[in-house]
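Let's take a walk through this structure together, going from its strands to its core and then on to a few individual residues. Keep the viewer open as you read.

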Amino acid sequence: MKVIGLWEFGGPEVLKIIELPDPHPGPGEVRVRVHAVAVNPSDLAVRASGYGGRMDALPKPHIPGWDAAGVIDAIGPGAGRFALGDKVLAVTNAISPHKGAYQQQLIAPEASVVRAP
């Protein structure tokens, strides 16, 4: 899977396309095949400074992004609100264990996902 991530903080030039293994949802999680993401001011703060250094100790690469839209393509044990193929919106952040939204496949807690209108 491809992500847009960074190994160091700085200007737009630090963003790179990075290949990572496909993620798999755990208990209470779903995987969203991402079709679109938003870029908001918080994403710029991640890229520029890692939220003022709060991300320095987190595993790299860092993956920005809060907002994603896509389709459920995998469901973890105990997650039952969605079916495969449901169109959804998801909220995550770069500090979460599964990182931000700039991913082809995003893992999110089921509670962070809603059906798209």
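This is a predicted model: local features need pLDDT of at least 70, side-chain atom pairs count only at pLDDT 80 or more; totals for chains, interfaces and linings use all residues.

Two strands are said to pair if DSSP finds at least two bridges between them. E3 is joined to E6 by 5 bridges, and the two run antiparallel. In this pairing, Val-30 has Ala-108 of E6 opposite it. E3 is also joined to E4, again in an antiparallel arrangement, here through 7 bridges. On that side you can find Arg-31 standing opposite Ala-74 of E4.

In soluble globular proteins, nonpolar side chains tend to be buried together. Here the largest nonpolar core has 13 residues, and the members that touch the most others are Val-30, Val-32, Ile-72, Phe-82, Val-88, Leu-106 and Val-113. Strands E3 (29-37), E4 (67-75), E5 (87-91) and E6 (105-109) are the elements that each give two or more residues to this core. E3 supplies the largest share, with 3 residues.

Leaving aside residues up to four places away in sequence, Val-113 touches Val-30, Ile-72, Arg-81, Phe-82, Val-88, Leu-89, Ala-90 and Ala-108. Apart from this core lies another one, of 5 residues, including Met-1, Val-3, Ile-18 and Ile-63.

Next, turn to the loop between E5 and E6, where Thr-92 is found. Is Thr-92 buried or exposed? With a relative accessible area of 9%, Thr-92 falls under the 20% cut-off and therefore counts as buried. A polar atom of the Thr-92 side chain lies 3.0 Å from the backbone oxygen of Lys-99. Not counting residues up to four places away in sequence, the contacts of Thr-92 are Gly-65, Trp-66, Lys-99, Gly-100, Ala-101 and Leu-106. Leu-106 takes us back to the largest core, being one of the members that touch the most others.

Lys-99 itself deserves a look. Lys-99 lies in the loop between E5 and E6, and its relative accessibility is 14%, so Lys-99 counts as buried too. Its backbone has something to check as well: phi is near 70°, a positive value in a residue other than glycine.

Now let's visit helix H1, which covers residues 41-53 and holds Arg-47.

With a relative accessible area of 0%, Gly-50 is buried. Gly-50 and Gly-28 are 22 residues apart in sequence, and their C-alpha atoms are 28 Å apart in space.

Our last stop is the loop between H1 and E4, where you will find Pro-61. A cis peptide bond joins Lys-60 to Pro-61, with omega at about 5°.

Terms used
Residues are numbered from 1 along each chain as its sequence is written. Side-chain values use heavy atoms; hydrogens and water are left out. Helices (H or I, at least four residues) and strands (E, at least two) are DSSP runs, numbered from the N terminus. A nonpolar core is a set of buried Ala, Val, Leu, Ile, Met, Phe, Trp, Tyr and Cys residues joined through side-chain atoms within 4.5 Å. Buried means under 20% relative accessible area, exposed over 50%, partly exposed in between (1.4 Å probe, protein chains only). Contact means heavy atoms within 4.5 Å. A polar contact is a pair of N or O atoms within 3.5 Å; within protein, one must be able to donate a hydrogen and the other to accept it, and residues adjacent in sequence count only if both atoms are side-chain atoms.
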